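Thanks for coming. I will walk through one structure this morning and keep to what can be read from its atoms. Please have a look at it first.

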Amino acid sequence: MINLVQTPYDLNSGYPIVRRTLEDKKKLVRHEGFGPESCCATIEYTLRGNSRYAFGNSQMQVQMPPNIYAHNWVKLHGEMTALVAAIRRIERVDSTSAVLPITSAYIELRPCEANCLPALHNMLPDNITVYFSFLHPTQVDQWKQSARALCAA
């Protein structure tokens, strides 16, 4: 079971994972191909006793094995891009653990009920907290406005 917690969209958030995601988003939008209206997420995990973070964005290209798709990459939602990055880093150190050492996640938009939330339920450990700031799909326009303001500051 995933614990969903709505939290303010704020660089001064009391949650370090939220601050880190928004700071990384501000840096990312300076690069070509990334804009404020591309969804960002961060996965927090434990590796060798230390908290680590994997950032993801819906415009990032995730490398795939060759000759499967037209390109050797795919684009995923922000939370899935972050999750793939975290899993790849974890597997480099410990590929034998049955449970991923993921401790929390932050996604700008609440995972959608149709696709993203069921996928997260299948991949994340039980009782993990997933923080989000805006409801999907009812607050998408508010998110876009807030994301543009954040990235312009």
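**Cys-40 and its surroundings**

I begin with Cys-40, which, leaving aside its neighbours within four places in sequence, is in contact with Thr-21, Lys-25, Leu-28, Phe-55, Gly-56, Asn-57, Tyr-106, Ile-107 and Glu-108. Contact here means heavy atoms within 4.5 Å.

Before going on, a note on the source: this is a predicted model, where local features need pLDDT of at least 70, side-chain atom pairs count only at pLDDT 80 or more, and totals for chains, interfaces and linings use all residues. Residues are numbered from 1 along each chain as its sequence is written, and side-chain values use heavy atoms, with hydrogens and water left out.

Back to Cys-40, whose place is in strand S2. Strands and helices are DSSP runs numbered from the N terminus, with at least two residues (E) for a strand and at least four (H or I) for a helix. Is Cys-40 buried or exposed? Cys-40 is buried, its relative accessible area being 0%. Buried means under 20% relative accessible area, exposed means over 50%, and partly exposed is in between, with a 1.4 Å probe and protein chains only. Asn-115 is 75 residues from Cys-40 along the chain, and their C-alpha atoms are separated by 17 Å.

Next is Leu-22, in helix H1. Leu-22 is also buried, with a relative accessible area of 0%. Apart from neighbours within four places in sequence, Leu-22 is in contact with Tyr-9, Asp-10, Leu-11, Tyr-106, Glu-108 and Leu-150.

How do the axes of H1 and H4 cross? The axes of H1 (residues 16-28) and H4 (residues 140-152) come within 9 Å, crossing at roughly 70°. The axes are lines fitted to C-alpha atoms, for helices over the stretch in contact, and angles run from 0 to 180 degrees between N-to-C directions. H1 and H4 are therefore roughly perpendicular to each other. As for the angle classes, under 35 degrees counts as roughly parallel, over 145 as roughly antiparallel, 65 to 115 as roughly perpendicular, and the rest as oblique.

The crossing of H1 and H4 is right-handed. On handedness, a crossing is left-handed if the near helix is turned anticlockwise from the far one by less than a right angle, and right-handed if clockwise. On the H1 side, Leu-22, Lys-25 and Lys-26 meet Trp-143, Ala-147, Leu-150 and Cys-151 of H4. The residues of this contact divide into 5 nonpolar, no polar and 2 charged. Nonpolar covers Ala, Val, Leu, Ile, Met, Phe, Trp, Tyr, Cys and Pro; charged covers Asp, Glu, Lys and Arg; the others, Gly among them, are polar.

**H2 and H3**

H2 brings Glu-79, Met-80, Leu-83 and Ile-87 to the contact, and H3 brings Cys-116, Ala-119, Leu-120 and Met-123. The residues here divide into 7 nonpolar, no polar and 1 charged.

**The core**

In soluble globular proteins, nonpolar side chains tend to be buried together. A nonpolar core is a set of buried Ala, Val, Leu, Ile, Met, Phe, Trp, Tyr and Cys residues joined through side-chain atoms within 4.5 Å. The largest such core has 36 residues, of which Tyr-9, Leu-83, Ile-102, Leu-124 and Trp-143 touch the most other members. Which element gives the largest share of this core? H2 does, with 7 residues.

Not counting residues up to four places away in sequence, Ile-102 touches Ile-43, Glu-44, Tyr-45, Leu-83, Ile-90, Leu-124, Pro-125 and Ile-128.

**Backbone details in the loops**

Arg-48 has a positive phi of about 55° although it is not a glycine. Arg-48 sits in the loop between S2 and strand S3 (50-57), and at 65% relative accessibility it counts as exposed.

Asn-127, likewise not a glycine, has a positive phi of about 65°. The loop between H3 and S7 holds Asn-127, which is exposed with a relative accessible area of 58%.

Last, His-136 and Pro-137 are joined by a cis peptide bond, with omega about 10°. Pro-137 is in the loop between S7 and H4.
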